[in-house]
Number of protein chains: 2
Amino acid sequence: MAENGMSSSVGGEARLFLTDDQLRKGIEAMFFAYRGFTADPDRILTNYAYGRAHHRAIHFIKQAPGTSVNNLLSILGVTKQSLNRVLRTLIEDGLVESRVGTKDKRERHLFLTDSGVTLEAELSDAQRNRMRAAYREAGPEAVAGFRQVLEAMMDPELRRHYKPNKEGTS
Amino acid sequence: MAENGMSSSVGGEARLFLTDDQLRKGIEAMFFAYRGFTADPDRILTNYAYGRAHHRAIHFIKQAPGTSVNNLLSILGVTKQSLNRVLRTLIEDGLVESRVGTKDKRERHLFLTDSGVTLEAELSDAQRNRMRAAYREAGPEAVAGFRQVLEAMMDPELRRHYKPNKEGTS
DNA sequence: CTTGGAAAGTCAACAAGACTGACATAAAAT
DNA sequence: ATTTTATGTCAGTCTTGTTGACTTTCCAAG
């Protein structure tokens, strides 16, 4: 159904950027780029017997210190059981501290310890370096386009909570 | 080590697009966008008891019919053992055909069967629709930037074999 | 005050899909 | 003819996702 190689180029050459072939190239580029995007942190993580899931948890705890498990859950988009296993090892290893909520004792508030901050910095530095190189090579206008397309690709629900794109010209 | 929050904004406001904060936003956008990127095919795949790995295999077999297992391996960047499990189920289920090479009998050449083509179309249609919507919303210039940054993010090795970005202005 | 339900988090068991190691077969090289 | 290389397969383990069952805490209705 609708597989004739021209299903989206009916608008003529002004829409050349969304022919099926252009779309396919974008899809493949996304796949390959994501691999590069995660390659450096992944390499580092194996030295600590951690995985990508630990990186994500650490990243967002650093970003929102004191966040509840539930909040982290909705950001990461996994089940609480899955996140729990990761958090448990990070807490056992002393990278994350979990404090029982004062107002609501059901909640656990998460913080990075000093060791946690150190590992987060090592992982983020590696990932930022790759990102910075790509940004620098592509230039500011390409970066703006990159961010626009990425944001349009997110799930609408997430997008409403996220929307960090418009920053002032300051 | 170089963790002071301004490690890349020393060049002044002309380089605002690669401050650590901009980099972090890009990193998070990449993470969230990739989830959206795979969401629709993933949903479809559960109906067939397949996973993302099957999708990738089917995609690249469709793209390069008759490819050898080894070639597919280098594209997908996984071990042959991992790919083998996926290919075996696809062959058993009659979505992929594996023909022994005529010139070199060690090789297996892979093709999609009619059923394979059908599933590939269903998955690709879903993914292309999401991509098309994002492209349309962001516009042609943003798409060009998107592709530039993605390409710069790939591993250099892969990039040399891939490089599909320069197409004529026709 | 008690009770019953909702919410937050934990424990256990299972599945997908990566990985490494050991192995089989065909082709090529010596 | 024998060894080496290329290719593909089988078996077992690990990470990380899933669902289901459970505890603790909070809150609201009776």
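**Two protein chains and DNA strand D**

In the model I am showing today, which is predicted, a backbone N or O atom of Thr79(A) sits 2.8 Å from a phosphate oxygen of DNA strand D, and this is a polar contact, meaning a pair of N or O atoms within 3.5 Å. Residues are numbered from 1 along each chain as its sequence is written, and chains are lettered from A and ligands numbered from 1 in the order in which they are written. Local features need pLDDT of at least 70, side-chain atom pairs count only at pLDDT 80 or more, totals for chains, interfaces and linings use all residues, and side-chain values use heavy atoms, with hydrogens and water left out.

How many residues surround DNA strand D? There are 22, the closest being Gly51(A), Arg56(A), Lys80(B), Gln81(B) and Asn84(B), where near means that a heavy atom of the residue lies within 4 Å. Of the atoms of DNA strand D that come within 4 Å of the protein, 55% belong to sugar and phosphate.

Let me turn to the two chains. Chain B superposes on chain A by a rotation of 180° with 0.0 Å of shift along its axis, at an RMSD of 0.1 Å, fitted by least squares on C-alpha atoms of residues with pLDDT of at least 70 in both. The two copies are therefore related as by a two-fold rotation axis, and in chain B the C-alpha nearest that axis, 1.9 Å away, belongs to Phe146(B).

Conventions
A polar contact is a pair of N or O atoms within 3.5 Å; within protein, one must be able to donate a hydrogen and the other to accept it, and residues adjacent in sequence count only if both atoms are side-chain atoms.
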